[in-house]
Amino acid sequence: MTSLVTEALASAGKLAKDDWNTKINKLNSRAYEIKRELSDVIEETYGESLSLEKDADDISKKLTEVRENADNLQNSFETMVSRQLHDANSEFEQLTLQHTKTAALVAALEKLYKVHCSLQSYDKSLQQKKFCDTLAAIKEIAAVLDSVKNTSFHETDMYKSLRIEVTVKRENLNYILDQIWKKSVTWTYPDEDGEGLNTKLSFNLSNENDPIDPQDMVYAMHSSNILSFKIKQFANLVLEKVFTPLIKNSDVKYSTASIATGCSISINKKDGSLELDKNPETHQTEFLPELVFNKVWGVLKFLNDSFLNLKLEKDGDSTLMNMFGNIVCEDIMTLLIDECLEKSVPNSKEELQNYDKITEVVKNFEKSLREIRFLTDEEGSGDLLAFVSDIHVHFANRRSTALVAKARQIMKEDIHETVEINDGGKDDVENFLSRLQEAKSTSSGDDQTLQLIVPGRGSESVGETKTKDILQFPRCRVSRCTQKLVELVYETLHEALTSSNECAMRLIDTVEDIFRLYQCDVPNLHKDALEMLPQVSAIHHNNCHYIAHHLLTVGQQLSSRLPSVMKGLELTFTHHVTAIRKLGEECFMTQMRRQRAQLMECLAPLKNFATETGADKYQMAEKPIKQVMYQLHHLRKVWRGVLPLPMFLRSISALVDSSIAEVVSSICSMEDISSDDSIQLKTICCILQDQLPSIFAKPEDEENVPGIPSDFPFQRSLKKWPRLLEIIFVLDASMREIVDRWADGKGPLASSFTVIETKGLIRALFQNTERRAAAISKIRY
């Protein structure tokens, strides 16, 4: 009984195995047959672009039948294996492996069929202008192909054909979207090169013959990563063709219109001109910020309502306006600041007080930009509001720029136009102080008006006459432009005391800038005149000292009147005093050296006097002296009354001393002087003795001027004057008189000449005799 049952079970198991083996072989054969048929269909459809939908449907039915048989066989196989596992493990493992390969093949065939269905869906969606569905079909195909990338199927011709087909379909979709964009967003220019102001932008988003969903198009373009390039290109054109002319030129206007397929906006100029106004000052008075902001807002609102309000993603909040704003926002804000707000910065404190209107306009403008999502920051202030919030700083900068420009313009004026500074420097600023006094009566705070500290007006509180003399500026002439520059400085400081803290600090710095500019620019602006004209160099010397004089006192006047933010600061401009004084002194000393060189050049022929022969010898000796006197009288004419009297006397005395020293030195260098030569040399020295005092005489126009002595003891300032008198004496004296005047080194001759010079003169004037030798032997200390 037991053996019969065992044999029956074994026989049944063997029959089952044989049956499974047969079924698996049949199933495997059937699968390969379907694979071949599917491969032929795909290759023919997408490799040669033929439509075989019926064959594909038949294959789909066959594939479904094979899948059902495979599933049934799998269930039967698992059940039987569980029963017969203990006696047929190895054989069933082979069957399992073979079945796994068959199942994998069936799965691959299913994916290929899914690709085929997606390709059909692509064509259908594209025909219906459903671009998102079309793109989804392409992405689904790409995902399926990527899933079999690492299998043996990757190397087949069918896979390569499908991969190429997907690439072609994707590029075709991008091309179609690009063409639709070009038809939807069009630009019209007045000429072929696309330049000029008569520009028109149109949005053609609806077409009865070819309906398109703009939102679906934007979704598809954004998913395909081609939207950002299109928006960037569009934004740059809008910036160049629309916003730039609108903001830069008040005559440029915009107009909107509805058209059959959408809407349009046109940019044109009032007079039809195609050129921007190159001179902004011609329309600056009409170029109000509110008008500009209204134009910019009108264009942005039109763009948003017409097209840029479309979303980028179905589940997102970002719109085309966000992308558009990220591209051009910074450039538009810069344009508005440079071309509009900068021009609206007030030029006076009265205009500054009314600037709140523009601030309110900017706030409303930025709020509107955030509502359409052109500005993405929900909190804080944008660039425009930040600019108007710092209007006090911008006002101070503009005021500073204007003041520096005005100061430089003053510095360019002619230096030789002068005014006289008299009575301690207070009369020349009488009108200026009156103007400041009028400003005081109209301003708040009586203690804010500056006064020039000059002796003789309100300076008795200093107490002592000696202090007043130190502060008093000497009588001289300074350039009218320098006086105007000093008045500008005082006006600036007066304005600083009545301004806000920011303005006060900036205006104080502006005064510093003016002084630095003076030191740098004036020597370059008037370089030729300062070098060639003695009077101009003298005036420049006075100008520098005049400015330095006021620099010493202006800081003291300000210290007690500074705004609260600057309290405790030691405000002084004295660090400029030395540099500005040095600037004038170096210029004048250069002129002095130049004049001395000219005098020496005139006197050079005297060195050859002893060697000259001929009838005109004595005329040649007088000519240098006459040239020197002419030059000295010219300097007296251009310097007297211009330079302060002590400065004039020191300067002219130095040149006279140099001339005397050169004449005497030329005579002393002669080795042989005849009696006729000595007479002629004495004559030219007497010319100097007679005419030099006239250089120091008081001119007629100063006769009634108080404080100027009628007779000046010039001999005290001429160190070489005694030397001239002694050479005149020696040229007409005997040896005995010369020895007596030497007086063993204690006489007046010894105080002006050295032993060597005196002996040389005796040898040149007298013949070589015992008497001359005896006289020479007495010339000693």
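Colleague: In what order do the 4 strands of the open sheet run?

Modeller: The order is 1-2-4-3, with antiparallel pairing. Strands, like helices, are DSSP runs numbered from the N terminus (H or I and at least four residues for helices, E and at least two for strands), and two strands pair if DSSP finds at least two bridges between them. This is a predicted model, where local features need pLDDT of at least 70, side-chain atom pairs count only at pLDDT 80 or more, and totals for chains, interfaces and linings use all residues. Residues are numbered from 1 along each chain as its sequence is written, and side-chain values use heavy atoms, leaving out hydrogens and water.

Colleague: Which strands stand at the edges?

Modeller: Strand 1 (185-188) and strand 3 (252-259) do; each has a single partner strand, so one side of each lacks a neighbour in the sheet.

Colleague: And how many bridges join strand 2 and strand 4?

Modeller: Strand 2 (residues 199-204) and strand 4 (residues 262-269) pair over 6 bridges. One example is Leu201, whose bridge partner in strand 4 is Ile265.

Colleague: Which strands does helix 7 lie across?

Modeller: Helix 7 (residues 227-248) lies across strand 1, strand 2, strand 3 and strand 4, at about 40° to strand 1.

Colleague: Switching topic, how do helix 8 and helix 9 cross?

Modeller: The axes of helix 8 (residues 289-308) and helix 9 come within 11 Å and cross at roughly 170°. Axes are lines fitted to C-alpha atoms, for helices over the stretch in contact, with angles from 0 to 180 degrees between N-to-C directions. That makes the two helices roughly antiparallel, a label for angles over 145 degrees.

Colleague: How many residues does the largest nonpolar core have?

Modeller: The largest core has 85 residues, and Phe234, Leu303 and Phe324 are among those with the most contacts inside it. Helix 9 (residues 320-344) gives the largest share, 13 residues. A nonpolar core is a set of buried Ala, Val, Leu, Ile, Met, Phe, Trp, Tyr and Cys residues joined through side-chain atoms within 4.5 Å.

Colleague: What does Phe324 touch?

Modeller: Leaving aside residues up to four places away in sequence, Phe324 touches residues including Ile231, Val238, Leu300 and Phe374. Contact means heavy atoms within 4.5 Å.

Colleague: Last one: is Cys587 buried or exposed?

Modeller: Cys587 counts as buried because its relative accessibility is 13%; buried means under 20% relative accessible area, exposed over 50% and partly exposed in between (1.4 Å probe, protein chains only). Cys587 sits in helix 20 (residues 577-603). Its C-alpha atom is 7.8 Å from that of His540, 47 residues apart along the chain.

Note on methods:
Parallel < 35°, antiparallel > 145°, perpendicular 65-115°, else oblique.
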